[in-house]
Each structure stands twice: as C-alpha cells, then as structure tokens.
Amino acid sequence: MEDKQQSNGVMKDNNELKKKVNWSGSLIVASLTGAFGSSFLYGYNLSVVNAPAGYIKKFYNETWERRYGFSVDEGKLTLLWSITVSIFAIGGLVGAIIVTPIVKFFGRKCTLVLNNVFAVAAALLMSLSLLAGSFEMLILGRVIMGIDAGISLSALPMYLSEISPKEIRGSLGQVTAIFICIGVFTGQVLGLPEIFGQESRWPFLFGAIIVPSLIQAVILPFLPESPRYLLLEKHDTSKAEKAFQRFLGKDDVSHEIEEVLAESRVQRNTKLVSILQLLRTRAVRWQIVTVVVTMGCYQLCGLNAIWYYTNNIFSESGINHETIPYVTLSTGAVETLAAVFSGLVIERLGRRPLLIGGFGLMTVFFGVLTVSLTLQNTVHWLPYLSIFCILAIIASFCIGPGGIPFVLTGEFFQQSQRPAAFMIAGTVNWLSNFAVGLLFPFIQAGLQTYCFLVFAGICFAGATYLFFVLPETKNKTFHEISQAFANRNKVTLEMQEMKDYPGERKSSEEQESNFTSSVDNGETKKGIV
C-alpha cells in the first residue's frame, strides 16, 4: 500500500513537471508578443476615442468652418462622429473576410507580422490629421485600424490554439481576452487630462499605436511559425519538428507530431475548406451554430450599453464630474483582473462553466440593474447598488464570454476548416458590433433603463443554448472535440469525410505515407531515446 502511494506520488510529481515544461520561453514570448501587437490594439482602439471626443468634434467643426466659411450643424457633426466611431467595425468586417487567404498563403505568424503595416499606416494617418487639418485622415485611419483588428482577432487565436499543448490551450487562448482588457484600460489611462486627454495632445493617443506594432514586428519574426500549419499545410516535417521543440521546450516531440498526423489521417485531406464547403459539412453543423451563437452573444450581451450608462450612474451617486474619469478606471481594472482570473482557472474549471456562468450572472445583474436604475430616485442608496451591478456585469463578462468564444472557435474545427471557421466567426462578430452601434441609441431612447432587459434576455438565451449544446473541450484533442459533436450532428467523422472528399482519399494516404517515411528516416526522431 505504501509502495502504491509512493508510486502515485511520483506520477503526480511527473505530471506536475510535465505541466511546467509546457510553458516554454518561446511559447510565453509568442503569446505575449502576438497579443500585445494584436488584441491589445483592438481593446485600445475601443476606448481611445472616448476621452478626446469633445476635442475631436471641435476639430471637425473648425475644419469645416475653415473650408466652407460656416460652422457644421449639429446633425452633421453627430453623423461625422458616429461614422468615426462605427466605421472601425466596417474595417473589422473587411479584415475578417480577407484573413482566410492571407493565413493560407503567409501562415499564422507572418500574417500577424505583416498586419502591422495596417496599424502603422492607421496610426500615422490619425495622429497627423490635426496637423494636416483633415478629419478625413482620422476616419480613414479608423477604417484601416479596423482592418488590422479584423485580421488579428482571427489570426491570433488561430496561432495560439495551434502552438499550445492541449493541457494549457485554454489558458493561452485567454491571453487574447486579457490583452483586450489591458488595451481598454490603457486607453482610459492615457486619456486622462494629465497625460494625453488635452486639446493639444489628443493626436498622441493615436500615435501611441505605433509602439505595440513595432515591438511585435521586431520580436515575432524570430519565433517559429505554427507547427501544425508547417506540418499539415506546408508538409515541412523538419521545420514543424523544430517549432514543436521550441514551443514545448523539449527534444522529444514524436508524440505531438504523431497526434497531428492522427488528425490528418482522420481528416483524409489538408486542403483548405471554403466557407460554402464548411457550411455544407454536416459533421460540423452544430459547431458552426455554436460559434455563431457565442460570437453573437459576445457583442450583443450589452457591455456597450454599460459603458454608455457608466458616467451617468457615477454622477447620480454624487461623484464629482471632474473625478468621474478617474473612477471610470475602476471598470477597466475590474475588467483586466477578471480576465486574468479566467486565464488562471480555465484549465481547472473548464470552458463550459465559465461561459455559461458568465452569461448567467450577467442575466441576474442586468435584472437587478434595471430595478435599481428605475427606482434610484426613491431610495438614496440605490445608485451605489447600480455601481456594484456595473462592475459585476463587467467581471461576469470577462470571466467567460469575453474571451472563451475565440478559444472555442480555434478548438472546434480541424486544420483545413479553421480559417473558414474564423472568417464566419469574425463576420458575425463585426456585424454584431456594427448592429449594436447602430441600433443601441434607438433601443435606449425607446426603452430607457428597461433596455437592459433586452440584454438580459440575450444573455439568458445564450446561457440556455450553451447549457444544452456545448460539450467541455478542456484537455481534449481537436479530434476528440469533433467526436463530442458527432452524435448531435448524427454522422461519424469518417463517413462525412469520405462523402465530402472521396477523390482526395488517395492523395491523403500518399501524404500520410510520406510523413511516415519521414519519421522512419529519422526526421522526427531527433533527440528521441
């Protein structure tokens, strides 16, 4: 009995050691650098326009008056400002649509590196718009920055999901959400009056975009490409082996390569699937529906409405108007801390409870917030309850719905399907983003504080769907996740692949034979005892 306990203790220690080895230096640097130049900039550009809004509108008016000899009317000024804010989503939609051929041709890592060209160009246009006296430069810069965000929010999760071991795939995937939150918070901090939140300094808020872009462009080229991309799409076993070795921090990567080859054998091909082919593939029907639901709820769950009401609620609580920008920092801090917490516990709790629990808690707190806002003039302490609800809704969003949809999109689909899946997810994401920006003012005007009941209903519907449909994907291979959906899709993976790709089975078997020959010749046995 004592020997058995000792043996179990040794096995436990070995497992813990294995988990520690998984976090190699290259893996950490790749995830942090990739996120800093990608999802960080997305979050930053969501919040950076809030602080200088008054100064930018003044710049629009002065430019209009200098050109045409009269001030722009209030309606046109509002329209110009609305275009400036919402056109970021249009650019994001363009980026999401063009990302598939780019990641196919250049690869995941090179796409992230080249994407910095858009970010630098956008930063220069926006930061020089005041000096040039052209508000069109600012609007064009927002479009280009949106394209950058649309590409990066697909390429980055794809890259992270393909370079990380399955044991930490969720934690590494949450880096995307964590850096979005850090970007939002950084935009709030730099927008303070003591820093760049002044009439003469607001262009520096946009010029700062260059810094993360240059850091990513300098560091990322020295890190490996996705080993799965190299092995399955470029058929370069040698480079794939070296990439695995660097990311996993060990010489013996035969198990990882065989795992990828096993997926290739099941897939029967590695030819990229188009969106139309993916939509016609019965074996991924529920995966697609689940991605659409999670991405739609990600944007439509009402977080944008929270930002809209924050200043008013803080004011109603008796907080001085000049102090509100500093108090608002608490929302960004809570957002960041909740995202970090999610990254720390996702591999213990799993994706399913965090995602369902997040939407469920948002439903509850939206309901309480509706009551407190409706009755806040009758009870003196209700505004403080409203503040608590705002922070609770933000935290609930960030522990699950804020990042896990990106993780799931990378986990649900095989290598050949992943680019098309991310294009679908990105399109839903950006269209929903645009819809919120377009429709929310009308919803708010018509329903007032009761508008939060709409978002509570969306969150409840999302949580209910996920409760009945979403399987747990923690510590599972891509093939195992596909098998978890097989019963719901009412088809086995092998039958579906033979039906969809009957002419490619021979070529895939030849490819498998080539891979096997490479293994036998020693290409993947370097360092193997």
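Start by selecting helix 2, residues 25–36. Its 12 residues reach 16 Å from first C-alpha to last, close to the 16 Å expected at 1.5 Å a residue. That expected span is 1.5 Å times one less than the number of residues. Helices here are DSSP runs (H or I, at least four residues) and strands are runs of E (at least two), numbered from the N terminus.

A note on the model: it is predicted, so local features need pLDDT of at least 70, side-chain atom pairs count only at pLDDT 80 or more, and totals for chains, interfaces and linings use all residues. Residues are numbered from 1 along each chain as its sequence is written, and side-chain values use heavy atoms, with hydrogens and water left out.

**Stop 1: helix 2**

Stay on helix 2 and colour by burial. Buried means under 20% relative accessible area, exposed over 50%, and partly exposed in between (1.4 Å probe, protein chains only). Ser26, Leu27, Ala30, Ser31, Thr33, Gly34 and Ala35 are buried in this helix. Now pick valine 29, also in helix 2. Valine 29 is partly exposed, because its relative accessible area is 34%. Show its contacts, meaning heavy atoms within 4.5 Å. Leaving aside neighbours within four places in sequence, valine 29 is in contact with Gly34, Ile219 and Leu223.

**Stop 2: the whole chain**

Zoom out. The protein has 28 helices and 0 strands. Of its 529 residues, 54% count as buried. The accessible surface comes to about 22,500 Å², and 65% of that belongs to carbon and sulfur atoms. Areas come from the Shrake-Rupley method with a 1.4 Å probe; for residues, only the protein chains shown count as cover. Among contacts with a separation of 6 or more, 83% are between residues 24 or more positions apart.

**Stop 3: the nonpolar cores**

A nonpolar core is a set of buried Ala, Val, Leu, Ile, Met, Phe, Trp, Tyr and Cys residues joined through side-chain atoms within 4.5 Å. Select Tyr60, Leu278, Phe359, Phe366, Trp430 and Phe452: these touch the most other members of the largest core, which has 125 residues. Next select helix 9 (residues 135–163), which gives this core its largest share, 15 residues. The core draws at least three residues from each of domain 1 (24–226) and domain 2 (273–500). Those bounds come from an automatic or database domain assignment. Then find the second, separate core of 12 residues, which includes Tyr229, Phe244, Leu248 and Val260.

**Stop 4: helix 11**

Select residues 175–190, helix 11. Its end C-alpha atoms are 22 Å apart, which agrees with the 22 Å that 16 residues should span at 1.5 Å a residue. Helix 11 is mostly covered, with 12 of its 16 residues buried. Among them are Phe179, Cys181, Gly183, Gly187 and Gln188.

**Stop 5: arginine 351**

Go to helix 21 (residues 351–375) and pick arginine 351. Arginine 351 counts as buried because its relative accessibility is 1%. Its side chain makes a polar contact of 3.2 Å with that of glutamate 347. A polar contact is a pair of N or O atoms within 3.5 Å; within protein, one must be able to donate a hydrogen and the other to accept it, and residues adjacent in sequence count only if both atoms are side-chain atoms. Not counting residues up to four places away in sequence, arginine 351 touches residues including Arg169, Glu411, Glu472 and Lys474.

**Stop 6**

Glutamate 233 sits in the loop between helix 14 (227–232) and helix 15 (237–248). Glutamate 233 is buried, at a relative accessible area of 10%. A 3.2 Å polar contact joins its side chain to that of arginine 108.

Move to glutamate 259 in helix 16 (residues 254–267). At 30% relative accessibility, glutamate 259 is partly exposed. Glutamate 259 touches Lys166 and Thr477, not counting residues up to four places away in sequence.

**Stop 7: two positive phi angles**

Most residues other than glycine have a negative phi. Select histidine 235, in the loop between helix 14 and helix 15: its phi is positive, about 55 degrees. Finish at glutamine 448, in the loop between helix 24 (418–447) and helix 25 (451–469). Glutamine 448 has a positive phi of about 55 degrees and is partly exposed, at 43% relative accessibility.
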